[in-house]
Number of protein chains: 2
Amino acid sequence: MTFTDLSIATNATILPINEIADKAGIPRQALELYGNYKAKINVDSLPPATKLGQVVLVTAISPTPAGEGKSTVTVGLADAFNQLNESVIVALREPSLGPVMGVKGGATGGGFAQVLPMEDINLHFTGDIHAITSANNALAALIDNHLHQGNALNIDPRRIAWKRALDINDRALRQITIGLGGPLQGVPRQDGFDITVASEIMAVLCLATTLKDLKERLAQMVIAYTYDKEPITVRQLAVEGALTLLLKDAFKPNLVQTIEGTPAIIHGGPFANIAHGCNSLLATNTARRLADIVITEAGFGADLGAEKFMHIKSRKGNFHPDAVVIVATIRALKMHGGVEKTELTHPNASAVKRGMANLEKHVHTIRQFGIEPVIALNRFITDENEELEEVMNWALQHGVQIALTHVWENGGKGGLELAKLVKQELAKPKNFTMLYDETDSVEEKLRIIVQQVYGGSGIHLSDKAKKKLVELKKYGWDALPICMAKTQYSLSDQPALYGRPEGFTITIRDIIPKLGAGFLVCLTGDIMTMPGLPKQPAALKMDIDDDGNAVGLF
Amino acid sequence: MTFTDLSIATNATILPINEIADKAGIPRQALELYGNYKAKINVDSLPPATKLGQVVLVTAISPTPAGEGKSTVTVGLADAFNQLNESVIVALREPSLGPVMGVKGGATGGGFAQVLPMEDINLHFTGDIHAITSANNALAALIDNHLHQGNALNIDPRRIAWKRALDINDRALRQITIGLGGPLQGVPRQDGFDITVASEIMAVLCLATTLKDLKERLAQMVIAYTYDKEPITVRQLAVEGALTLLLKDAFKPNLVQTIEGTPAIIHGGPFANIAHGCNSLLATNTARRLADIVITEAGFGADLGAEKFMHIKSRKGNFHPDAVVIVATIRALKMHGGVEKTELTHPNASAVKRGMANLEKHVHTIRQFGIEPVIALNRFITDENEELEEVMNWALQHGVQIALTHVWENGGKGGLELAKLVKQELAKPKNFTMLYDETDSVEEKLRIIVQQVYGGSGIHLSDKAKKKLVELKKYGWDALPICMAKTQYSLSDQPALYGRPEGFTITIRDIIPKLGAGFLVCLTGDIMTMPGLPKQPAALKMDIDDDGNAVGLF
């Protein structure tokens, strides 16, 4: 038989979640079971924290269509620590059903480095994303109902900042008109749907520390502007209580396990382009209360995911990563070196060498934060020795720590070398530093990100962005961290510029205050907040077999 | 303190769901826990059925804004049987979140005749409706993607029969245009959202008997017509497997409990106007395997809910109710007798007498099916003795069995008298008869429903309906039961005609084949498939308290 992620997952031994909870030190009364293999954690029922575990952030080079296996390495690294008898928990994002039905087919690691039960996690899991969809669209309906019922708040229907959301890839919903059909059917206006993980509510849920904090953040969200261009928040609509009620269970972190029985907390999954792209702060904090070492990941490459992890999530959580792993593959390095995806099977060490420029920049970026990164070179069966040596030699020459991983085939065993290097790094004192302060001007914060993280020369603000800056200052909204919305494929804002482009400027098209999440989204280029389905969606292969088991998730 | 449904529910003693499962004879391996107080039942893991319990259908007079308390009586009657030490399970519909956020605030019975945990059941419960929303909208996205990716099936974008759905009251989504913004954003067309419980997938889930049957029914759904006006089904799009996969957990019935610890199975909730309005056939069948007596309800009055329960659900399930309860209240009878809602507090025995005409027709209807109904006169504290006597005397004169219930205040104890009458009825032999055969012509089936159930004189078919009849015959779709979509407020198709109108004809505007559900929806008047929010939505009062408990559900 051929191994697929689903066949490996289905044939794996899965332990009752009670046993995983015991291993993680979660008392029974803090556990709400969802079937035998999933549970929500009632954080308030956990024993008081005596100490907090260290955090290992797994990030990557700029992603390419060749794939890097970042989640797979994250899971495999946790399993490696588990094999070393360390107290470890892996904290991951929840997969979005849209991409699962579209191209991904699944997003829970791969091979023998997966989380279980993979079919549940990839489908509805414990309903968190559905609850966010409900809250998002309840708010939208309440806004349109307010317009329809007399519009006491004087909301300008042309200036509504709140979009609807579905956890689906559906390009036809990107731009729509609603409220058609006459006076009984609401107020006609332009609208659109984002994918749910792009909803500000997802970002809010992932940055809130308590239910009370969640409610306060929801209340602060800007949903519209009046005819006088004054902002309207959820608080003025008085529905933050209802939204919080809809989210009260979704706010609890979910406990599952890896194939090797390592405890895994999977909770929250904001988009990594329009939002900050890491699992919930509450999940990370909970994992730190329970384990000595927490392995977690951030979306896309280090320019987006790691930068936001440091400047947004770590800042809000008042912690910093104690070690950073950068995942790279020969295949992706070759693409950064100019090779087409169709040519990746041909050995090409010189392309690998050229592509190293991208990895080099991300190493440089992490070092600026005061952390010495460890590279995980994630092996594929097609990698040639001379290609691997190109990377190993570069690392030797530049004094960069590197380990080969082969966790897809071997699980934790394939990550032991990486774990040993990371462990050494965890033992060293850190001199963590943010690259910018929240109180720096918006232009200064943007300049620092572009120059120090992307390696560009500077920024260009569109007229619209300049007008927004005036508004931000007027309302005192400018002292917030930046959440860059940039293509993940390039360090620049041009998706086709692979490798390590230089001398580019980044154009800031627009700045959108997300006061609930507590950051300023700065839009560059065309950022997709509602994906489309491909010509042959993954859904076409999905099915159930005669015993009711999942087919076609991979 | 004043009692609210939520305060009573919160202060009630709730048993671990394992204990309820033990009481119902559900083995542990057939149980999938969702927290401590909810579980899904793995029907395939139940012991083989040795005998099937009897079914008590609870229906009502034509509903009025005064409220009848049908769900409350259903729960209270089950609790009464439980007090009599009968083996009993109550089988109910799942509440839709849309109306809960809109006007209802909650839909799980009331007072001391409720199901628990009411706040979970009224919010996301076990995610069934969210899964249906996902499947509904995945199908919609796959249809629009098919149009966008070359339209190999030659679908006419003006003739797409599949709408999107959300479990929310949102009038602004009733009529929309999608796919705007140019060639990369899909194909522009008119569309609209229904509330999820109006989705054909909800009806399919509620009438399927196995996962395989569910998949086959999904495959049969007609989603569009070609430019040549030929029907296109889900099977041609080849996504019935993916849809079934999305629904595999939603298809499992949910076990909860009443305040008095009676086992309750709550599963499925199709709209009672556009669909058939009862909980899932699988839930009813499961309850019958486990208990001697199953108490269940159907939506709206007996003209809609009970008629469809007999002709659609019972027919598909190859069973019939063994007793029927018709719920009435003095308040509602007064409204049928011509009293305005604002005047209901004034005693008015003559209005009660006039309003009895409505109840009398529903008694007549149930008798035609070969079942002798029992009336539950659901007491309110404001009822006057002379008003109650009006009804009791009428029942005596007409030989109709009647019991006063006061289950809101007293739980099962308030339903003991009703339970005793129902038990007598269950012991009698039945001569159940359907009023029409599936193979009767569509016109004949419609005529029988209108004349025998509604008491009207006949039907009028619009030109559109006549054209549809030709299509139904062409494709052999005419041998299906009818699912009338009619106002619930009147026996006629005019909502304002209370009481027992006579001599009216029913106009059939359109006929929509629902081949997955297996019925023909016949539209009369304006049928709302996406409700709107009121000026002061129930959501405004919803909140969490400092301990994270629900506030504002009632």
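Me: How much area is buried between chain A and chain B?

Reply: The size of an interface is often given as the accessible area lost when the parts come together. In this predicted model, chain A and chain B bury about 5,600 Å² between them. Carbon and sulfur atoms give 63% of that area. The contact draws 65 residues from chain A and 66 residues from chain B.

Me: Which residues in chain A lose the most area to chain B?

Reply: They are A:Arg171, A:Leu245 and A:Ile544. Together these three make up 11% of what the chain A side buries.

Me: How many salt bridges are there between chain A and chain B?

Reply: The count is four. To look at a salt bridge joining two chains, take the side chains of A:Arg164 and B:Asp170, which meet at 2.9 Å, N to O.

Me: And how many does the structure hold over all chains?

Reply: Over all chains there are 58 salt bridges. One within chain A pairs the side chains of A:Asp128 and A:Lys40, at 2.7 Å from N to O.

Me: Now helices. At what angle do the axes of H14 and H15 of chain B cross?

Reply: Two packed helices are described by the angle between their axes and the distance between the axes. For helix H14 (residues 349-368) and helix H15 (residues 385-398) of chain B, the axes cross at roughly 35° and come within 10 Å. The crossing of H14(B) with H15(B) is right-handed.

Me: Which residues meet there?

Reply: From H14(B) the list includes B:Val352, B:Met356, B:Leu359 and B:Glu360; among those in H15(B) are B:Glu387, B:Val391 and B:Trp394. The residues of this contact divide into seven nonpolar, one polar and six charged.

Me: Last, a sheet. What is the order of the strands in the open sheet of chain A?

Reply: The order is E7-E12-E13, three strands with antiparallel pairing. From one strand to the next the twist averages 50°. Strand E12 (residues 222-226) of chain A pairs with E13(A) over three bridges, and A:Tyr225 stands opposite A:Pro231 in E13(A).

Me: Why is one side of E7 and of E13 in chain A left without a neighbour in the sheet?

Reply: Strand E7 (155-160) and strand E13 (231-233) of chain A stand at the edges; each has a single partner strand, so one side of each lacks a neighbour in the sheet.

Conventions:
Residues are numbered from 1 along each chain as its sequence is written. Chains are lettered from A and ligands numbered from 1 in the order in which they are written. This is a predicted model: local features need pLDDT of at least 70, side-chain atom pairs count only at pLDDT 80 or more; totals for chains, interfaces and linings use all residues. Side-chain values use heavy atoms; hydrogens and water are left out. Axes are lines fitted to C-alpha atoms, for helices over the stretch in contact, and angles run from 0 to 180 degrees between N-to-C directions. Helices (H or I, at least four residues) and strands (E, at least two) are DSSP runs, numbered from the N terminus. A crossing is left-handed if the near helix is turned anticlockwise from the far one by less than a right angle, and right-handed if clockwise. Contact means heavy atoms within 4.5 Å. Ala, Val, Leu, Ile, Met, Phe, Trp, Tyr, Cys and Pro count as nonpolar, Asp, Glu, Lys and Arg as charged, and the others, Gly among them, as polar. Two strands pair if DSSP finds at least two bridges between them. Buried area is the accessible area (1.4 Å probe) that two parts lose on being put together, summed over both.
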